[in-house]
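Thanks for coming. Please have the sequence and the structure open.

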Amino acid sequence: MNEHKQDEEQNNERNASFISSGHHGDLIGETITSGTSDISSVPANSSQRVLIVTAVDAEKDAVLRGLGDTAAERFDVIAAGVGPASAAAGTAATLAYAVAAASTSALAHGSTAPSPSDVAQTSATSSKPGPLAGAGYSPAYRLVISAGIGGGFPGRADVGSLVVADAMVAADLGSQTPDGFLSVDELGFGSSIVAADAELAARLRHELQRAGLAVSGGTAVTVSTATGTAETAAELLRRVPDAAAEGMEGFGVATAAQQFGVPALELRAISNAVGPRDRDAWRIKDALDALQAASSILREVITS
């Protein structure tokens, strides 16, 4: 989700409202209110399903329109909320619920769940993927996708186009120093990068191009404050030279997926250029339409 979504009065077929106050908390309308995942609807046998995580309901609705009537057969789509923390929490809660539901179902059929000591041992020895991967549980999903609209870096992702990212990077996770920004990687406190499923990302881009949609690769940067100046845009490109799109959730979603050993993708439909804040140039409805069209192709790629 990009901050600029809130400044278009009508952004999809259901006339969701975005209020131009400059704060996500002021988003209103039944199709745009940031939500938490409805994990009670997650099926117990979800290992062959795909979880798609959006920030708000307008994005979720666009994805569902693209997936069509068959969406429920393979996909679960949630609106987890705005920003990396909400995105990670909503994704992790949904994945955890699916694991618990699958374990309960397995126990009901006579299988043995891994013991707490097994899980603890895995947590202590495994960091990549995360501590829940390989703990004896079946994967909650086969794939997790962060999907939504966002900013595009000029010359790399035009307004109205799509980005299927090769990696998700937390571009502002680190520390300011007298000599400039240091990433969390440079500080030695972890990693700000989660790689996408390379084969699937390439295949999805190929199929989107075949369908006549403009799409690019590169890195999707995740920020907690949407860019509004040329200086900030230039600084992001200095930190992440191959940045193509800017969003506020991708890294959070991908990190949660990594903790469960599930591959991740990020799909962004570009509503505005990353740089000086220019509300008159935002094309939110066009971006939501592009997200819907991409979701239709995504359905074919995933189910083929």
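Helices here are DSSP runs of H or I with at least four residues, strands are DSSP runs of E with at least two, and both are numbered from the N terminus. This is a predicted model, so local features need pLDDT of at least 70 and side-chain atom pairs count only at pLDDT 80 or more, while totals for chains, interfaces and linings use all residues. Residues are numbered from 1 along each chain as its sequence is written, and side-chain values use heavy atoms, with hydrogens and water left out.

The secondary structure comes to nine helices and twelve strands. The protein has 304 residues, of which 48% count as buried. Buried means under 20% relative accessible area, exposed means over 50%, and partly exposed is in between, with a 1.4 Å probe and protein chains only. The accessible surface is about 13100 Å², and carbon and sulfur atoms hold 51% of that; the areas come from the Shrake-Rupley method with a 1.4 Å probe, and for residues only the protein chains shown count as cover. On contacts (heavy atoms within 4.5 Å): among those between residues at least 6 apart in sequence, 77% join residues at least 24 apart.

Next, confidence. The pLDDT, which is the predictor's confidence in each residue from 0 to 100, averages 78 over the protein, and 71% of the residues score at least 70. Where is confidence lowest, and where is it highest? The lowest is in helix α4, residues 116–125, at a mean of 34, and the highest is in strand β4, residues 162–164, at 98. Residues 3–37 stay under 50 in pLDDT, and the model has 98 contacts for them beyond four places in sequence. The pLDDT is also below 50 over residues 131–138, a stretch with 21 contacts in the model beyond near neighbours in sequence.

Helix α1 runs over residues 57–67, and eight of its eleven residues are buried, so the rest of the structure largely encloses it. Those buried residues are Asp57, Ala58, Glu59, Asp61, Ala62, Val63, Gly66 and Leu67. Their cover includes β1 (50–54), α2 (71–74), β2 (75–79), β3 (143–152), β12 (264–273) and α9 (284–303). Just after α1 comes Gly68, with a positive phi of about 80°.

Helix α8, residues 250–259, has seven of its ten residues buried, so it too is largely enclosed by the rest of the structure. In α8 the buried residues are Gly250, Phe251, Gly252, Val253, Ala254, Ala256 and Ala257. Gly261 follows α8, and its phi is positive, near 70°.

On to charged pairs. The structure holds ten salt bridges, each a side-chain nitrogen of Lys or Arg within 4 Å of a carboxyl oxygen of Asp or Glu. One of them joins the side chains of Arg49 and Asp76, at 3.0 Å from N to O. Arg49 is in the segment before β1 and Asp76 is in strand β2, so this pair ties together parts 27 residues apart in sequence. Arg49 counts as buried because its relative accessibility is 10%, and Asp76 counts as buried at 12%.

Glu249 and Arg268 also meet in a salt bridge, at 3.4 Å from N to O. Glu249 sits in the loop between β11 (243–247) and α8, with Arg268 in strand β12, so the pair ties together parts 19 residues apart in sequence. Both Glu249 and Arg268 are buried. Elsewhere, salt bridges that share partners join Glu235, Arg238 and Arg239 into one network. Glu235 counts as partly exposed because its relative accessibility is 24%.

Leu237 is also in helix α7, residues 230–239, and is partly exposed, with a relative accessible area of 28%. Which residues does Leu237 contact, leaving aside its neighbours within four places in sequence? They are Phe153, Arg156 and Ala243. Leu237 and Phe153 are 84 residues apart in sequence and 8.7 Å apart in space, C-alpha to C-alpha.

Last, Arg205, in helix α6, residues 198–210. Is Arg205 buried or exposed? Arg205 counts as buried, because its relative accessibility is 15%. A polar atom of the Arg205 side chain lies 2.6 Å from the backbone oxygen of Val164. Leaving aside neighbours within four places in sequence, Arg205 has contacts with Val164, Ala165, Asp166, Val215, Ser216 and Gly217.

Technical notes
Polar contact = N/O pair within 3.5 Å; in protein donor to acceptor, adjacent residues only side chain to side chain.
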